[in-house]
Structure formats: C-alpha cells, structure tokens
Amino acid sequence: MSGANAVSEQIPVRVYGGPTALIDYGGLRFVTDPTFDPPGEYPMPLPGDHKLVKTEPSPVTAADLGRVDAVLLSHDEHDDNLDNSGRAFLPEAPVVFTTVSGARRLGGNARGLAFWQTAGLQRPDGGTVTVTGVPARHGPVGCEPVSGDVVGFVLTSDDLPSVYVSGDNAALEHVKEIAERFAPVDTAILFLGGARMSFAFDNALLTLDSAQGAQAADMLGARRVVPAHFDSWAHFKEGRKEIDAAFAEAGLADRLDFAR
C-alpha cells in the first residue's frame with residue numbers, strides 16, 4: 001500500500017468543489033471555507049463593474065454535512081471563500097477559526113488566530129487537537145490593503161498525522177516557513193487554480209498555480225496532496241488537467257488525491 005493511500009485511510013478528507021472540504025480528524029469534523037450557493041455572480045467592492053462568477057453548483061448543502069465541530073475559514077471577505085449560504089451556516093458550528101480581523105467582523109463564535117497562534121479542541125476520546133494559524137498571503141507582496149488578510153491552518157494531535165490547509169495563499173516563502181516548523185506534513189490541502197484577475201495587481205497570482213503547488217508539496221514533504229479551490233469559479237486559470245501535469249512533471253503524481 002502506498003504512503004498516500006495509507007494516510008488517506010487515516011485522515012478522511014472530502015472536497016466538495018471550490019474551497020469547501022470536510023476533514024475528519026481525531027473524532028472531530030472540520031469544514032474549510034464553506035460555500036454552498038448555486039451558480040451566480042457576486043459584485044466585488046472595487047471601482048468598476050467587477051464580479052466573482054460561480055460556474056458550478058455545490059454538490060452538497062450545509063445540511064448534508066451533518067455534525068460539524070469547527071470551521072477553518074481562511075478569510076471572510078470574498079464570496080468564493082464564504083458565500084451567502086456559507087455565512088448563514090457559520091452559527092451552526094461551535095467555533096469558527098479565521099483571521100483576527102475576520103473574527104472582529106463576524107463576531108459570535110468566530111475566533112481569530114494570528115500567524116503561529118494555537119487553539120486546542122477536546123477530542124471525544126479525551127485527547128486534544130491543536131489548530132495552528134499559519135502564514136498566508138492572497139496575492140503579491142503588499143496586497144493586503146486590497147485583497148485583505150488570510151490565514152492557513154495546521155491540525156496536529158499526538159497520535160495523528162498532521163494536516164495543512166493552505167487557504168488562499170500565493171506565497172511560497174510562507175510555505176517554506178511552515179515547512180520549517182511542521183515538515184513532513186502528512187496531508188496538505190492546497191488551494192490551487194492559479195487564480196488571477198486582469199485588473200488586480202497586474203494580473204499577478206492570487207493563489208498558487210499548479211507548478212507552485214508541486215513545489216509546495218515538495219517543500220512540505222507532504223505524503224498526500226489534496227487539491228482544492230481550483231474549480232467552480234471563473235477566475236481560476238488552471239484546473240485538474242494542469243495540476244495532474246505539473247505534479248507528474250515534478251515526479252509527485254503519486255501524492256495527489258482529489259478526494260471527490
């Protein structure tokens with residue numbers, strides 16, 4: 001049995017299109033960036049007639065997920081990471097981990113994690129899952145006043161493989177920092193897709209592209225890579241075909257698990 005398949009059996013992950021994934025970890029159920037709306041357009045709060053366009057329906061509703069113990073919300077300011085249905089879903093979770101600024105905006109059960117800040121959740125068996133906020137940047141250096149803050153997450157527990165959730169990160173230098181603290185990572189849920197918008201930052205990448213995803217996987221020593229947030233929205237420039245090709249070229253094809 002390959003290492004990737006072994007880890008897949010230990011840590012169940014299911015991706016539901018866009019950035020939304022369900023992670024079963026230590027008897028707890030984590031949902032990343034909840035998005036359940038049908039296809040549609042979302043006006044962007046920028047000068048000009050700019051929109052985010054969702055092109056595919058979500059394969060599940062929030063109710064289909066069943067019990068959820070925590071939400072890992074990389075950021076709250078963009079509809080492709082938190083749409084209308086996702087926002088309505090947040091109060092159903094006991095806790096929502098997100099950016100410090102996002103927690104202030106959301107209030108209620110939202111808890112902000114600064115980079116490298118940790119929080120503990122009690123496991124049903126009496127153990128503890130540690131959630132660590134890790135660095136992420138949603139575009140080129142200096143993008144934050146426009147693109148907003150974003151945070152990634154690492155899940156760890158004494159007897160379990162680690163899980164990294166990148167969030168909307170375009171910075172390999174941040175992946176390197178995370179690898180220095182946590183590598184090897186067992187499961188890396190990487191938000192890929194090579195998102196770009198012609199009017200934003202001279203068309204610079206807003207998330208990792210496929211080739212950078214392979215580099216990130218190598219840096220992290222990831223045994224399994226679960227691609228997310230590369231489909232269902234018009235601003236993604238690369239999809240499964242490009243991800244497959246980039247990982248094959250890097251000799252990492254056996255690490256991919258699309259977890260559908």
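**Close-up 1. Arg 181 and the ring of Trp 116 in the predicted model.** Arg 181 is placed over the face of Trp 116. The distance to the ring centre is 3.7 Å.

**Close-up 2. Arg 240 and the ring of Phe 258.** Here the charged end of Arg 240 sits over the ring of Phe 258. Its distance from the centre of that ring is 3.9 Å.

**Close-up 3. The edge-to-face pair of Phe 36 and Phe 89.** The model has three aromatic pairs, one of which is formed by Phe 36 and Phe 89. Their ring centres are 5.7 Å apart, with 80° between the planes. Phe 36 belongs to the loop between strand S3 (28–32) and strand S4 (40–43), and Phe 89 to helix H2 (residues 84–89), so the pair ties together parts that are 53 residues apart in sequence. Phe 36 has 9% relative accessibility and counts as buried because the cut-off is under 20%. Phe 89, at 7% relative accessibility, also counts as buried.

**Close-up 4. The tilted pair of Tyr 42 and Trp 233.** Tyr 42 and Trp 233 form an aromatic pair with 5.5 Å from centre to centre. The angle between the planes is 40°, and the pair is classed as tilted. Tyr 42 lies in strand S4, whereas Trp 233 is in the loop between strand S14 (224–228) and helix H7 (240–249), so this contact ties together parts that are 191 residues apart in sequence. Both residues, Tyr 42 and Trp 233, are buried.

Note on methods:
Residues are numbered from 1 along each chain as its sequence is written. This is a predicted model: local features need pLDDT of at least 70, side-chain atom pairs count only at pLDDT 80 or more; totals for chains, interfaces and linings use all residues. Side-chain values use heavy atoms; hydrogens and water are left out. Rings of Phe, Tyr and Trp (its six-membered ring) pair if their centres lie within 6.5 Å; planes under 30 degrees apart count as stacked, over 60 as edge-to-face and the rest as tilted. Helices (H or I, at least four residues) and strands (E, at least two) are DSSP runs, numbered from the N terminus. Buried means under 20% relative accessible area, exposed over 50%, partly exposed in between (1.4 Å probe, protein chains only). A charge sits over a ring if NZ of Lys or CZ of Arg is within 6 Å of the ring centre and within 35 degrees of the ring normal.
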